[in-house]
Amino acid sequence: MELSRRDLVRRALTAGGLAAAAIAVPGSLRAAVAGPAPGGAAARAAGAPAPVGTLARTLTTGTPNAKGYRPVVAAAGEAHVVRTELGVAAAPGRAAARAGLLSFVQLSDIHVIDAQSPLRLEWVDRLDDPGGLPATGLFTSSYRPQEMLTGQVADSMVRTVNRIGSGPVTGKPFALAIQTGDNSDNSQANEVRWNINLLNGGRVRVDSGSLARWEGVADGDYLTYDAAYWHPDGNPLGRPVDRPRAKYGFPVVRGLLDAARRPFTAEGLHMRWYSVFGNHDGLVQGNFPATTLQLNAIATGNLKIVSPPAGINPAQLFEDLLANPAALLTGLLNNLLGGGLNLGIRFVSADAERRLLTRQEVVEQHFALGGAPFGHGFTDVNRREGTAYYSFDEGSFRFVVLDTVNPNGYADGSLDPAQFAWLKNLLASSQGKAVMVFSHHTSSTMGNPLVATGGSLEQRVTGSAVLAELLSHREVIAWINGHTHTNTVVPRPRTGGGGLWEITTASHIDWPQQARIIEIADNRDGSLSIFTTMIDHEGPVSAGAGTGDPIALAGLSRELAANDWHAHGFGLGAATDRNVELLVADPRS
């Protein structure tokens, strides 16, 4: 059990999921024609090539400074890599015969964060810092230096998607976008609403508590200053330089916290968008059931833990968090308040909008805030029964959306029996369709068997059973998901031939902050080609990043993510996980 997305990635990378193909590069790729940059982005776009995803240009990190801090710089684009591991041959003349069928965009792990919330667990992140304590890999996603900029990154990605507008191979306009879970970070009402408003468009202010000042671990409050965190405005007089600057070469960026709090007008997607439920949307910090009033009281209250008590034991802390997080946090608050000179806690402005939402309440917000389609895929049945799985058809394609969150807690997922029965019945009635399944969790991160701890007594259905069921239906061509914060594309062969592709896309919060275009083309020889093309959001490289506007802030966020000392740069994946052509048998005939 774990708090860290990054540990999940390490496990996935060692599980044999990155088998590379013998590859060939298609001879020609047709780029989408982009329109002019909207609004205030016009000056930035003047004279620059229209964005066509990462086919024309991608990003990497440049020469580090003396302490290892690296800028983000432009790099050559990446052509599509052909993959045929499912046994479908890539016919030489397919490009000339090809007919585009569908084009859409996957956004994943946007993680819109209330970085000032009292229920954030930033203080456990240090327990996995390089140093004297043995690293557990359990706490490394509890804090990120860029987490105050998640709203700006989401808006920047939306603007890029809108400007691209169509698939670079088929030329088909984007029919829709789908966000595959962890859309918020802590299942708080304000985070859920920010996420929806960012995709719908309109005025957004990613700020909470006091609207007059920042109140969190990154500010310069003298009494609770903690050098374990990055402080963009520098250290207060008489306090040491923080560890990110002293050890990892992070910069001083004065005014960043005020810039991050500024309201801005989100552009909103110019297409229908759909939503998938993730563990951070349904569990506190993506791990803990919000089943006690204590956790909600902490979230909406005025006490925030900044630093843990001295001498805390990481292994014992993790056991206590799993056993009873509300009791642990309440005990720590009481301990620190009574500690006299142990100033590990601060007073912040209480905010009722930080209240924790149930799954049913999260679904309802998608109806309450409008946008297209009404409910963003969720149905009247979901509203009534408090579920979050559904399906819809787009021509000859069937989109099946699963809710893989275990309400009993823990980052990994699984299905409830009723949902699994619904899935089996739906697949059995999908003849003549090409089916794509969408979830937050991957097949290899659905091993969560917990029962009762969150109130549900039902036995859970794990990823191996779900994958076996999908493979038993030739109609299923792809399983598209997120959760691991890394790009991977894995062939899942079917006994007797054929199979499906499992496509996992990186996050908006961690490096490389990418989304994915997915196009499907009919090769007119009994096969389909699934093209995927990565998208870098509109935020500029380091030379143009800063605090001047939301897009410049998004560029700064990506630079900070590239230098997160726990990230190690794995999110990008291999070339065979990014811009690819995936051959699969056409199940529609």
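**Figure 1. The whole chain, counted by helices and strands.** Helices here are DSSP runs of H or I with at least four residues, and strands are runs of E with at least two. Counted that way, the protein chain of this predicted model has 16 helices and 19 strands. Of its 589 residues, 61% count as buried. Take the contacts between residues at least 6 apart in sequence: 76% of them join residues at least 24 apart. The chain exposes about 19,800 Å², with carbon and sulfur atoms supplying 56% of that area.

**Figure 2. Helix 14 and what covers it.** Let's zoom in on helix 14, residues 417-428. At 1.5 Å a residue, its twelve residues should span 16 Å, and the end C-alpha atoms are 17 Å apart, which agrees. Look for Q419, F420, L423, L426 and L427, the buried residues of this helix. They sit on the same side of helix 14, because the arc they cover around the axis is only 125°. Their cover includes strand 11 (390-394), strand 12 (397-401) and strand 13 (434-438), along with helix 15 (463-471) and strand 14 (476-481).

**Figure 3. T504 and its neighbours.** You will find T504 in strand 16, residues 499-504. With a relative accessibility of 2%, T504 counts as buried, since the cut-off is under 20%. Its side chain makes a polar contact of 2.6 Å with the side chain of N481. Leaving aside residues up to four places away in sequence, T504 also touches others, among them T442, G482, T484 and R516.

Figure 4. The closest N and O atoms of R261 and D207 are 3.1 Å apart. R261 belongs to helix 7 (residues 256-261), while D207 is in the loop between strand 6 (202-204) and helix 6 (243-248), so the pair ties together parts 54 residues apart in sequence. Both partners are buried.

Figure 5. R383 is partly exposed at 27% relative accessibility, whereas D380 is exposed at 53%.

Figure 6. D393 and R398 form a salt bridge through their side chains, 2.8 Å from N to O. D393 is partly exposed, with a relative accessible area of 37%, and R398 counts as buried at 12%. Elsewhere, salt bridges that share partners link R205, D207, D258 and R261 into one network.

Definitions and conventions. Residues numbered from 1 in each chain as written. Predicted model: local features only at pLDDT ≥ 70, side-chain atom pairs only at ≥ 80, totals over all residues. Heavy atoms only, no water. Expected span 1.5 Å × (residues − 1). Buried < 20%, exposed > 50% of the residue type's maximum accessible area, 1.4 Å probe, protein only. Arc of directions from axis to C-beta. Contact = heavy atoms within 4.5 Å. Areas by Shrake-Rupley, 256 points an atom, 1.4 Å probe, with all protein chains shown as cover. Polar contact = N/O pair within 3.5 Å; in protein donor to acceptor, adjacent residues only side chain to side chain. Salt bridge = Lys/Arg side-chain N within 4 Å of Asp/Glu carboxyl O.
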